[in-house]
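Please go through the questions below with the sequence and the coordinates at hand.

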Amino acid sequence: MGEIMVLDIIKDRRSIHSFQEKEVDMKLLNEIFTYGSYAPTHYMKEPWRIKLFQGKGKEMLIWSILNSYLRMGMLKKDQDKTMASMKSFLMAIPHHAVIYFEKENDPVRYEEEYSAVCAFIQNAQLAAWELGVGMLWTITPYMHDANFYDEIGLDIEKDKIAAVMQIGYPKKVPKSKGRTPIDHKMEIID
Ligand SMILES: Cc1cc2nc3c(=O)[nH]c(=O)nc-3n(C[C@H](O)[C@H](O)[C@H](O)COP(=O)(O)O)c2cc1C
């Protein structure tokens, strides 16, 4: 059997949009986030924080998400069917990990923390892929809603949500969209 190469994992990992019902074992999730934590981090701040919603805990998160959509007018109170289908769609995802960090007032420090957290997320995604677990990195408008922060036990003045990761065993793996040749993105000055 050939060795699994990190280079293959980088290329083969896909964002997963549909998950099997089965939960991922907590030991495995711990391992995945531990790999995440080997991300580079200036001053060894290790700014990443995780709120992992699963099982009964998902009800609370999803309720807060729907409330936020209602407040923002992205959903209307009379759209019962849409609300119900959104709820069941989100409930079917085994784990939701809110990834956040404590805000820094200094803009350079803020960017350092934010960047390290993004590196953490990608490391975790790659480790997950190698271990057979799929993820979807999501950024949505409720991540700027103070009430949403409140409802899940965060404080928008102090905390910044970087992403909500949807996690589970993949049901379907999308085809790669490939990437633009990097020379289209690179300017060489020598
Ligand atoms: C910061 C960030 C936010 C993203 N937010 C979403 C999202 O909200 N919804 C979604 O379907 N995909 C989201 N994605 C995933 C991208 O759609 C995905 O990476 C892209 O389509 C390429 O597919 P691949 O990851 O399978 O290569 C996000 C990716 C990043 C890096």
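Sheet, helix and ligand

Phe 101 has Lys 160 in S4 as its bridge partner. This is a predicted model, where local features need pLDDT of at least 70, side-chain atom pairs count only at pLDDT 80 or more, and totals for chains, interfaces and linings use all residues. Residues are numbered from 1 along each chain as its sequence is written, and side-chain values use heavy atoms, with hydrogens and water left out.

Q: How many bridges join S2 to S4?
A: Helices (H or I, at least four residues) and strands (E, at least two) are DSSP runs, numbered from the N terminus. Two strands pair if DSSP finds at least two bridges between them. S2 and S4 run antiparallel, and the number of bridges is 8.

Q: What is the order of the strands in the open sheet?
A: The sheet has 4 strands with antiparallel pairing. Strand S1 (49-54) and strand S3 (134-138) are the edge strands, each pairing on one side only. The order is S1-S2-S4-S3.

Q: Which residue of S4 stands opposite Leu 136?
A: S3 pairs with S4 (residues 159-168) in the antiparallel sense over 5 bridges. Gly 134 has Gly 168 as its bridge partner in S4. Opposite Leu 136 stands Gln 166.

Q: How many residues of S4 are buried?
A: Buried means under 20% relative accessible area, exposed over 50%, and partly exposed in between (1.4 Å probe, protein chains only). S4 is mostly covered, with a buried count of 10 of its 10 residues.

Q: At what angle does H3 run to S1?
A: Axes are lines fitted to C-alpha atoms, for helices over the stretch in contact (heavy atoms within 4.5 Å). Angles run from 0 to 180 degrees between N-to-C directions. H3 (residues 57-71) lies across S1 and strand S2 (95-102), and its angle to S1 is about 105 degrees.

Q: Which elements do the buried residues of H3 pack against?
A: The buried residues of H3 include Leu 61, Ile 62, Ile 65 and Tyr 69. The elements they pack against are S1, helix H4 (80-91), S2 and helix H6 (146-151).

Q: Which residue has a side-chain N or O atom 2.6 Å from an oxygen atom of the ligand, Trp 137 or Lys 177?
A: Among the residues around the ligand (a heavy atom within 4 Å) are Trp 137 and Lys 177. A polar contact is a pair of N or O atoms within 3.5 Å. Trp 137 places a backbone N or O atom 3.0 Å from a ligand nitrogen atom. The side chain at 2.6 Å from a ligand oxygen atom belongs to Lys 177.

Definitions and conventions: Polar contact = N/O pair within 3.5 Å; in protein donor to acceptor, adjacent residues only side chain to side chain.
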